[in-house]
Amino acid sequence: MNREPNEAIEVVGGKVETVEVSKHPEASIPVSDLSLADIERRRSHPMRWVAIIVGVLAAIIAPYWFGRTLAVNNTDAIISMFNGVAPQGIALIGWVAVVITYVGLAMAVVVSPSWPWLIVFVLGLAFEQFIAGLSMLNLNFWYSTYVVYGDQSALANAANLGILSAAIGIAVYAVIFVGLLVVIKKSSPLNVLTKSWASFILYFVIETLALFVVLFGGLLTAV
């Protein structure tokens with residue numbers, strides 16, 4: 001059986017040459033009546049995004065409301081439950097809740113399939129919001145915690161400081177990481193700092209420093 005040559009004329013190294021190119025005797029893409037817009041619409045999974053948005057909103061609103069309700073209506077029970085825990089431990093719990101939430105979100109962005117990490121993100125967010133509700137987290141939380149918990153407000157303040165320290169750590173990390181992306185060229189040896197594994201190390205270093213400031217910087221006794 002004779003096969004026709006599959007060749008093309010190209011400029012190689014400044015010279016005109018005849019080179020072989022690949023040939024597909026049969027179409028590798030099946031014939032379809034769908035347009036490109038239809039295909040992209042099917043791949044977008046709009047219902048999945050609706051479910052994610054609804055889950056995130058529920059994780060933000062419901063746990064915070066439930067925790068705040070417990071704090072107002074069952075204050076004595078909450079105080080007795082956490083009476084033996086040091087403020088440093090409570091601050092650590094708040095810090096861990098935010099860190100887990102961010103790690104779940106970040107991993108959902110960079111890892112496929114993303115749904116296991118989305119579950120981690122939503123559960124972490126719900127846990128963080130529940131703690132925020134118990135500790136009456138708001139812009140003037142030191143006033144709210146004193147109104148609800150009285151002389152025992154130190155534990156609630158510690159939880160708020162743990163949450164806020166982790167949130168500030170995320171903001172500082174975002175600013176530094178974006179700055180590295182802008183300043184460092186792709187051809188630079190320092191470009192390794194923009195890799196995903198390096199960015200995670202940077203994030204945990206910043207978060208650890210933020211936690212140490214809360215635990216050992218005198219903030220737990222000042223608020």
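Colleague: Which residues does UniProt list for "transmembrane region"?

Modeller: The unreviewed UniProt entry lists residues 49–66, 86–111, 118–143, 163–184 and 196–220. Such annotations may be inferred rather than shown by experiment, and their positions follow the numbering used here. The model is predicted: local features need pLDDT of at least 70, side-chain atom pairs need 80 or more, and totals for chains, interfaces and linings use all residues. Residues count from 1 along each chain, and side-chain values use heavy atoms, without hydrogens or water.

Take two listed spans. Residues 118–143 are 77% helix and 0% strand. Their end C-alpha atoms lie 35 Å apart. Residues 196–220 are 92% helix and 0% strand, with end C-alpha atoms 34 Å apart. Helices (H or I, at least four residues) and strands (E, at least two) are DSSP runs, numbered from the N terminus.

Now the pair. Helix α7 covers 153–183, and α8 covers residues 196–216. Their axes come within 8 Å and cross at roughly 145°. Axes are lines fitted to C-alpha atoms over the stretch in contact, with angles from 0 to 180 degrees between N-to-C directions. The crossing of α7 and α8 is right-handed (near helix turned clockwise from the far one by less than a right angle).

Which residues meet? From α7 come Leu161, Ser165, Ala166, Gly169, Ile170, Val172, Tyr173, Ile176, Phe177 and Leu180. From α8 come Ser199, Leu202, Tyr203, Ile206, Glu207, Ala210 and Val214. Contact means heavy atoms within 4.5 Å. This contact of α7 with α8 has 13 nonpolar residues, 3 polar and 1 charged. Nonpolar means Ala, Val, Leu, Ile, Met, Phe, Trp, Tyr, Cys and Pro; charged means Asp, Glu, Lys and Arg; the others, Gly among them, are polar.
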